[in-house]
Amino acid sequence: MNGLAYTRYELLRTLRNRRFFVLSLGFPLVLFFLIAGPNRNVHNLDGTGISAPLYFMIGMVSFGTMSGMLSAGARIAAERAVGWNRQLRISPLSTRSYLRAKVLTAYMMALLTILVLYASGASLGVSLSVGRWLQMTVLILIALIPFAVLGIAVGHMLTPDSIGPAVGGGVGLLAFLGGTWFPIPSSGFLHDVAQILPSYWLVQASHVALGGHPWPAKAWIVIAAWTVVLALLAHRAYRHDTGRV
Amino acid sequence: MSARAIEVAGLRKSYGKVHAVRGIDVSIDAGETVALLGPNGAGKSTTIDMILGLSEPDGGTVSVFGGSPTVAVGAGQVGAMLQTGALIRDLSVGELVAMVASLYPASLDVAEALELTGLSEIAGQRTQKLSGGQTQRVRFAVALVSDAKLLVLDEPTVAMDVEGRRAFWTTMRELAARGKTILFATHYLEEADAYADRAVLMAHGTIVADGPPTEIRAMVGTRTIRATLPGADLDALAGLPGVSGADRRGESVVLSCADSDVAIRALLGGYPDARDIEIAAAGLEEAFLQLTAEDVDINGPGDGTVVAGGAAVAGGSAPAGGAEAAFGGGER
């Protein structure tokens, strides 16, 4: 059926929800200026050779997009709570069209977050070649796939009152273990754990802009594996989620 | 002509230890308007959920237009209004209805759906700013914009005011006249009486009666006699000719009568003290209470045929038992 109109209305709804929109974009932005602003003239952060605005810009991009993807799940949980999900189930809207609309709206928010933070970084003197900007952006968007799927899964498994703490805690933990706030040591337990997390590779995607190497094969495997596992989970959660909430 | 819209056979569903639906059989022909009547907890919503494919039966089968509910829903043959449910926010009434319309292969014109539900004037309003009655009307618009052959409505008028209700039923009549099959759940007896061709009565997860609303009324004692008669023996009263049951309400007695003409003569002959006598037709309300207030072991598995006893109205169970014979045993 015509899932495109459904997607269009979902995008429209997201843009119209001013509180959600402003908070989603605003929070990473404020954090960025709070941390990077006072350090704008630090050109060699902790001896890494990277300027503070650049380092915190990419940290905020991974944090902001990650939480953006999971917040899309909170919107799903809210829809379920008012019974709208059941109303959609008794329409001809296919599972595929539904999921596509949800993923696209989540990506729209992620892309806006990225653009706003890039602009903010540039305003504090971050300057990269066009190739770097593009390469980084594409890798970030790919690394976000498992998070988009995770958002849908939790949206169909949790209630609006439980999803807040779950998303807050989950994003914090994944950001911490993924090296958003501080670099992960190059060996040891934390290093080993980080390597199998999608958040680590999300952060590494941005590190391409820092002159680091592009993703190794391992990164692609980790992202693909998480995507498959979480997609199965999301699909299952959606299929089972027909009861009254 | 009389293709089956819904065919339910041996349907069962339990939630833990609660047997919500305990083996029911119903067939609804295309074009029928059927009321699914019953008190809260009778199993109406559970039955509707299974007909819509929202929940899987534990046993038995449901078919909608000859196929599975999922297939019928996927083909856009079903429009429904669920019992609970608000609207998603950040769209206007018109946009929300248009969004739902876009999902159906042959939907109604959006403007027409808004007109039919009296929403044209508030089409531009955001869904989060509506009153309860307006929300209910939008939910109705969402169901009927599908222009589906089958409309399933679970207690559609619950949150509506009197005027909204009247407008709703006017529209429903129009839809029925267009040949739609309509199944609506309600606990308002007048609604079943006024708008349905047929009423299916549910209680405790079983069907206790199935027939035209007028016949349901005829099934129970056709009239009741009420009289002030202190100290009378109920058993003796119940044994009077034409009386099928007797009950005491303070100083008064209430006699359920199979034949009130015979009964009133016998009463006046045997009890000259009787005063303040009223003879009234038993309403559907009374039929309803009588048919649904029988003793059923709620935790038992049940088999779909329940002997209805008339505990609510009188000690005598003859009228309701007769109802069971008339409707419960026949082909549904």
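Reader: How many helices and how many strands does chain A have?
Author: In this predicted model, the elements of chain A run α-α-α-α-α-α-α-α-α-α-α from the N terminus on. The count for chain A is therefore eleven helices and zero strands.

Reader: What is the radius of gyration of chain A, and what does the globule rule give for its 245 residues?
Author: The C-alpha trace of chain A spans about 60 × 35 × 35 Å along its principal axes. The globule rule gives 18 Å for 245 residues, and the value for chain A is close to this, so chain A is as compact as a globular protein of that length. The radius of gyration of chain A is 18 Å.

Reader: Which share of the residues of chain A counts as buried?
Author: Among the contacts in chain A with a separation of 6 or more, 80% are accounted for by residues 24 or more positions apart. A residue counts as buried if 20 or more other C-beta atoms lie within 10 Å of its own. Of the 245 residues of chain A, the share that counts as buried is 44%.

Reader: Which element gives the most to the side of chain A that touches chain B?
Author: The contact takes 22 residues from chain A and 25 residues from chain B. On the side of chain A, the elements that give two or more residues are α1 (3–16) and α4 (84–89) of chain A. The residues of this side divide into nine nonpolar, seven polar and six charged. With five residues, the element that gives the most is α1(A).

Reader: In chain B, which strands stand at the edges of the open sheet of six strands?
Author: The order of this sheet is β5-β6-β7-β3-β8-β9 (chain B), with mixed pairing. Each edge strand has a single partner strand, so one side of each is left without a neighbour in the sheet. Neighbouring strands are turned by 15° against each other on average, direction ignored. The strands at the edges are β5 (78–81) and β9 (206–211) of chain B.

Reader: Do strand β8 and β9(B) run parallel or antiparallel?
Author: Strand β8 (residues 198–203) of chain B is joined to β9(B) by five bridges. Within this pair, Ala199(B) has Gly211(B) as its bridge partner in β9(B). The two strands run antiparallel.

Reader: Through which helix does the chain cross from β6(B) to β7(B)?
Author: Strand β6 (residues 150–154) of chain B runs parallel to β7(B), with five bridges between them. In this pair, Leu153(B) stands opposite Phe184(B) of β7(B). The β-α-β crossover is right-handed, and the helix is α6 (residues 162–177) of chain B.

Reader: Is strand β7 of chain B mostly covered or mostly open, and how many of its six residues are buried?
Author: Strand β3 (residues 33–37) of chain B pairs with β7(B) in the parallel sense over five bridges, and Leu37(B) stands opposite Thr186(B). From β7(B), Thr181(B), Leu183(B) and Ala185(B) point one way, while Ile182(B), Phe184(B) and Thr186(B) point the other way, and all are buried. Strand β7 (residues 181–186) of chain B is thus mostly covered, and the number of buried residues is six of six.

Reader: Which residue with a positive phi follows α1(B)?
Author: Helix α1(B) is mostly covered, with eight of its eight residues buried; among them are Lys44(B), Asp49(B) and Ile51(B). The residue that follows α1(B) has a phi near 80°, and this residue is Gly53(B).

Key:
Residues numbered from 1 in each chain as written. Chains lettered and ligands numbered in written order. Predicted model: local features only at pLDDT ≥ 70, side-chain atom pairs only at ≥ 80, totals over all residues. Buried ≥ 20, exposed ≤ 12 C-beta atoms within 10 Å, placed from the backbone. Helix = DSSP H or I, 4+ residues; strand = E, 2+ residues; numbered from the N terminus. Pairing = 2+ DSSP bridges. Right-handed = clockwise from strand over helix to strand, strands pointing away. Axes fitted to C-alpha atoms, helices over the stretch in contact; angles between N-to-C directions. Contact = placed C-beta atoms within 7 Å. Nonpolar A, V, L, I, M, F, W, Y, C, P; charged D, E, K, R; others polar. Rg over C-alpha atoms; globule rule 2.2 N^0.38 Å.
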